[in-house]
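Please read the following briefing alongside the sequence and the coordinates.

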Amino acid sequence: MIKVYGDLVSGNCFKVKLILDLTGVAYEWIHTSVMDGETRTSGFLAKNPNGRIPLVELEPGDFLPESNAALYYFAQGSQYWPDDNRAQAEVLQWMFFEQYSHEPYIATSIFKIKFLDKEHELAEELAAARPKGYAALDLMEKALSGASFLVGEGPTIADFALYAYTHRAHLGGFSLADYSAIRAWLDRVRALPGFVAMPPYE
Ligand SMILES: N[C@@H](CCC(=O)N[C@@H](CS)C(=O)NCC(=O)O)C(=O)O
């Protein structure tokens, strides 16, 4: 059985759970905590030298790191990966955008505030991330105004890649109050059959 090393407080890990739940693939979840240093043990580094979760073990000893690589892998043959090359390129465009223009500002702000508990200590860094995170949200809002999903008519892994940290953006100090198209899109993702929510932040 497929194994996923991850922690459900992480949006990157949640992406993998989401695609597996939505496509009905059975998996074993192996809780691996960043905060307890479990991604940096010699045992874990032997599995993923990059020392990060999520990590998928497809077959014993066959490891696939990177959340968006996992989204791609498990979406093959499903409705969440389009057939058309142009649409595939657009899905990838959003997934690269997520890693370069969204996650580095929104996810890292959540981490600094909620997990490191350093909102005051890191106030300058957080303030610098704020306009960049909002720029990513502005771009998504524009794309989703008049569209149900990011690419084409139905949900794709582009939506799942961006759902992960957008629905928790408030935890990083980003308000979605002015983003009605994003909020409606979040609801559409949540309404997909098989969707299982990320556990609430304690
Ligand atoms: N680009 C990677 C990022 C993975 C990542 O940064 N994971 C964090 C948790 S969300 C982690 O494992 N951090 C542990 C560390 O850096 O030591 C992905 O999308 O999977």
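This is a predicted model: local features need pLDDT of at least 70, side-chain atom pairs count only at pLDDT 80 or more; totals for chains, interfaces and linings use all residues.

**Sheet, helix contact and ligand shell**

Strand 1 (residues 2-6) pairs with strand 3 (residues 55-59) in the antiparallel sense, and the pairing runs over 3 bridges.

**Sheet**
- Tyr5 has Leu55 of strand 3 standing opposite.
- The sheet is open and is formed by 4 strands in the order 2-1-3-4, with mixed pairing.
- Strand 2 (27-31) and strand 4 (62-65) stand at the edges with a single partner strand each, so one side of each is left without a neighbour in the sheet.
- On average, and with direction ignored, neighbouring strands of this sheet are turned by 25° against each other.

**Helix contact**
- The axes of helix 1 (residues 11-23) and helix 3 (residues 67-75) come within 8 Å and cross at roughly 5°; because angles under 35 degrees count as roughly parallel, the two helices are described as roughly parallel to each other.
- Helix 1 contributes Asn12, Lys15, Val16, Ile19, Leu20 and Thr23 to the contact, while helix 3 contributes Ser67, Ala70, Leu71, Phe74 and Ala75.

**Ligand shell**
- The ligand is surrounded by 13 residues, of which the closest are Ser10, Asn12, Arg52, Ile53 and Ser67.
- The shell around the ligand divides into 3 nonpolar, 7 polar and 3 charged residues.
- Asn12 and Ser67, listed among the closest residues to the ligand, also take part in the contact of helix 1 with helix 3.

How values were computed:
Residues are numbered from 1 along each chain as its sequence is written. Axes are lines fitted to C-alpha atoms, for helices over the stretch in contact, and angles run from 0 to 180 degrees between N-to-C directions. Angles under 35 degrees count as roughly parallel, over 145 as roughly antiparallel, 65 to 115 as roughly perpendicular and the rest as oblique. Two residues are in contact if their C-beta atoms, placed from the backbone, lie within 7 Å. Two strands pair if DSSP finds at least two bridges between them. A residue is near a molecule or strand if its C-beta atom, placed from the backbone, lies within 6 Å of it. Ala, Val, Leu, Ile, Met, Phe, Trp, Tyr, Cys and Pro count as nonpolar, Asp, Glu, Lys and Arg as charged, and the others, Gly among them, as polar.
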